[in-house]
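Let's take a friendly walk through a protein model together. Have the sequence and the 3D view ready, and follow along section by section.

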Amino acid sequence: MNGNRSNYGLQTPIGQVFHDAQNGYGGFASFIYNPSAENQFRLVTSLRQDYYQIPYDPDPNSIGNQQLVAAGAAPSYGLRDGEHETDGYVAFSWIHTFNPNMLLTVSPFYHYTKASYQASPDDYPVATNVDQTSNYGGLQASLNANVWKNDIQAGVYGFAQHQSNYFNNQFTDGSQNFPPSSASITGGLEEIFVSDKFKVTPWLTLIAGFRQSHFTADIVENEVDPRFGIAVKVPRVNWVFHAFYGHFYQPPPLLTATGPLAGFASSQGFAFAPLHGERDEEYQFGVTIPVRGWALDADHFQTTAQNWLDHNNIGGSNLFWPITWDAALIQTWELTLRSPRLWRRGQFHLAYANQIAQATSPITGGLICPPATPTCSQYPPPGYGPVDHDQRNTLNLGFNATLPWQSYASTNVYYGSGFHNGFPNAQYPGNYLPGHTTFDLSMGKSFAEKYSVSVTALNVGNRRVLLDNSVTFGGFHWNEPREIYAEFRYRFHY
C-alpha cells in the first residue's frame with residue numbers, strides 16, 4: 001500500500017503495514033432537467049473530506065523494517081503521519097438534439113482539490129509537511145452525427161489549472177536542513193478530436209480519427225495522435241475479428257521542484273529536469289466468439305511508451321517526485337468469458353490476463369542524476385527490466401445475481417500470481433513474490449424506484465498482499481485492508 005493517497009508525490013517509506021485507517025465524509029448529487037424533447041440539462045456535484053492515517057509497522061525488528069534499515073532507508077515503526085484531503089467538483093451538461101441523426105453535448109466543469117500531509121515532529125530520520133492546492137476548470141463539447149453509413153464525432157476538450165505547492169522537509173537525525181519551498185504555476189491543455197466509424201457493409205466496419213493536443217506550463221508541447229481500427233464479422237457463425245492501432249499523449253505534472261528543494265536534491269546527489277509528456281504507441285487485435293448465449297473474447301495488445309511516468313524519493317526522505325523513464329514496454333494477452341442469464345437470476349464472468357511490464361533507464365525528466373553523471377547507483381542500468389508492479393498472471397471470477405424484492409448481490413474472487421520481487425531474501429526467494437487471492441462482496445436493494453441502499457465489502461478475508469518490496473522505488477507497498485462501506489442513493493428526478 002502506498003503511504004500516500006494524493007497526487008503530488010509525497011509518500012512515506014513503509015515496512016510491513018499493520019495500521020491503516022481512513023475517515024471520510026462527503027456527498028454526491030445528480031440533477032436532470034428535461035424542459036423539452038430537444039434539450040436536457042444535467043448537473044453533477046460532489047464534495048469529499050477524508051483523513052488517512054499513514055500505515056506503519058510497529059515492530060522495529062520485523063523483516064520489512066530491517067530490510068529498509070539495511071538498504072539505508074527509513075524504518076516505519078516511528079511514524080505517526082496523517083493526510084487530510086478535500087475534493088469537490090461541479091459538472092454541468094447541456095444535451096441538444098437537432099434531429100434523430102445529430103446530437104450536441106456541451107459540458108463545462110470545475111474541480112478543486114487540496115491535500116495536506118502532516119508529519120509528527122518526532123518522525124525519524126525526517127519529518128515532512130506538504131500542502132498542495134489545485135483549481136482547474138474546463139469544458140468538453142462534442143457533436144455526434146449519423147451521415148449515411150458514418151457515425152461521426154468531433155469536438156474540443158480543454159482545461160486551465162492553477163497549482164500551489166508548499167514543502168517543508170526537516171531532518172531529525174542531525175543531517176543538513178534546507179528552508180521550506182513554495183511554488184505555484186498555471187498551465188493547461190487544449191485538444192480537438194475527430195473520429196468516424198464507417199460501416200462499409202453489415203460485416204465490415206472501419207474506424208479512423210485523430211486527437212491534437214496543445215499543453216502549456218513550464219514547457220509547451222504539441223502532439224497529433226492518429227488512430228485506426230477495423231472490425232470484421234464472419235457471417236453465420238457471427239465471429240468478430242477486430243484490430244486497432246493508435247497514438248496517445250499524456251500531459252506531464254505541472255510542477256517539479258524549485259528553490260531550496262533543488263539544493264536539497266543536490267546534497268543527495270540528484271538534480272531536477274523538466275518533465276515532458278508521455279507518448280504511447282499501441283496496437284491490439286482480438287476475436288469475439290458467441291456460443292449459445294455465451295461470449296468469449298481473446299485479445300492481445302502491446303504499448304510502447306516514451307517518457308514513461310513514474311516516481312522516486314530523494315534519499316531516505318518522505319519526498320517522492322515524478323520521474324520519466326526513457327521507455328517502457330507493456331505486453332498483454334487477455335481472455336474474458338461472459339455467460340447468458342443463468343437460472344433467471346444472474347450472469348457469470350471470468351477474466352484472465354497475462355501481462356509483462358518493463359521499463360529501461362536512463363531517467364529523462366523529474367528527479368534525475370546530475371548532468372555530469374549520466375547514471376546513478378540508485379537507478380537500474382539501461383536495458384529493459386520488470387517494473388516494480390509487474391505481475392504476470394491475474395484472474396477474476398464472479399457472479400452478479402438479481403434477487404427477489406428488487407435486491408441484488410455480486411461476488412468476485414481475484415487471484416494474482418505475485419508481483420516482481422525487488423529484494424529477494426530468505427522469506428521471499430525468487431524473481432516474483434508469492435501469489436495471493438482476495439474476495440469481494442456487494443449487496444443492495446431498491447425502494448420505490450427512487451431510493452437504493454447498498455453495502456460493499458472489499459478484501460473480505462483481510463488478506464495482506466505485498467505489492468512492492470523495491471527499496472529503491474518507494475519502500476514496501478501493501479494492498480488495501482478490509483474495507484466495508486454503505487451507500488444511500490435518492491433519485492431527484494425520475
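Where is the place of W343? Look in the loop between β14 (320–338) and β15. Keep in mind as you explore that this is a predicted model.

## The chain as a whole

Start by zooming out. The protein chain contains 2 helices and 23 strands. Of its 494 residues, 40% are buried. The accessible surface comes to about 25200 Å², and carbon and sulfur atoms hold 59% of that area.

Now return to the loop where we began. W343 has a phi near 50 degrees, which is a positive value in a residue other than glycine.

Are W343 and R344 buried or exposed? W343 has a relative accessible area of 69%, so it is exposed. R344 is exposed too, because its relative accessible area is 74%.

The peptide bonds have a point of interest as well. S361 and P362 are joined by a cis peptide bond, with omega at about 5 degrees. You will find P362 in strand β15 (residues 346–368).

## The nonpolar core

Next, go inside. Which residues touch the most other members of the largest nonpolar core? They are W308, W325, A359 and L367, in a core of 27 residues. Several elements give two or more residues to this core: β5 (126–147), β6 (150–171), α2 (260–267), β11 (271–273), β13 (294–313), β14 and β15. The largest share, 5 residues, comes from β15.

Strand β6 also holds N165. With a relative accessibility of 7%, N165 falls under the 20% cut-off and therefore counts as buried. Its side chain makes a polar contact with the side chain of Q163, at 3.4 Å. Setting aside neighbours within four places in sequence, N165 is in contact with D131, Q132, S181, S182, A183 and L255.

## Salt bridges between strands

How many salt bridges does the structure hold? There are 7. In one of them, the side chains of E191 and R211 meet at 2.7 Å, N to O. This pair links distant parts of the chain, with E191 in strand β7 (residues 181–201) and R211 in strand β8 (residues 204–216), 20 residues apart. E191 is buried, because its relative accessibility is 8%, whereas R211 is partly exposed at 21%.

A second bridge joins E223 and R279, whose closest N and O atoms are 2.9 Å apart. E223 lies in strand β9 (residues 220–233) and R279 in strand β12 (residues 278–291), so the pair ties together parts that are 56 residues apart in sequence. E223 has a relative accessible area of 18% and is buried. Together with E221, E223 and R279 are linked in a network of salt bridges.

Another bridge connects D297 with R338, and here the closest N and O atoms are 2.9 Å apart. D297 is in strand β13 and R338 in strand β14, so this pair, 41 residues apart, links distant parts of the chain. D297 counts as buried at 10% relative accessibility, and R338 as partly exposed at 39%.

## Out on the surface

Finally, come back to the outside. A nonpolar patch on the surface is formed by L397, L403, V413, F439, L441, M443 and V460, with about 480 Å² of accessible area together. Two strands, β17 (393–403) and β19 (436–447), each supply at least two of its residues. Strand β19 gives the most, with 3 residues. F439 is found in β19, and its 32% relative accessibility makes it partly exposed.

One last stop is P100, in the loop between β3 (82–99) and β4 (102–118). P100 is exposed, because its relative accessibility is 85%. P100 and E38 are 62 residues apart in sequence, and their C-alpha atoms are 9.9 Å apart in space.

Technical notes:
Residues numbered from 1 in each chain as written. Predicted model: local features only at pLDDT ≥ 70, side-chain atom pairs only at ≥ 80, totals over all residues. Heavy atoms only, no water. Patch = residues over 30% accessible without salt bridge, like charges linked within 9 Å, V, L, I, M, F, W, Y side chains within 5 Å. Areas by Shrake-Rupley, 256 points an atom, 1.4 Å probe, with all protein chains shown as cover. Salt bridge = Lys/Arg side-chain N within 4 Å of Asp/Glu carboxyl O. Helix = DSSP H or I, 4+ residues; strand = E, 2+ residues; numbered from the N terminus. Buried < 20%, exposed > 50% of the residue type's maximum accessible area, 1.4 Å probe, protein only. Core = buried A, V, L, I, M, F, W, Y, C linked by side-chain atoms within 4.5 Å. Polar contact = N/O pair within 3.5 Å; in protein donor to acceptor, adjacent residues only side chain to side chain. Contact = heavy atoms within 4.5 Å.
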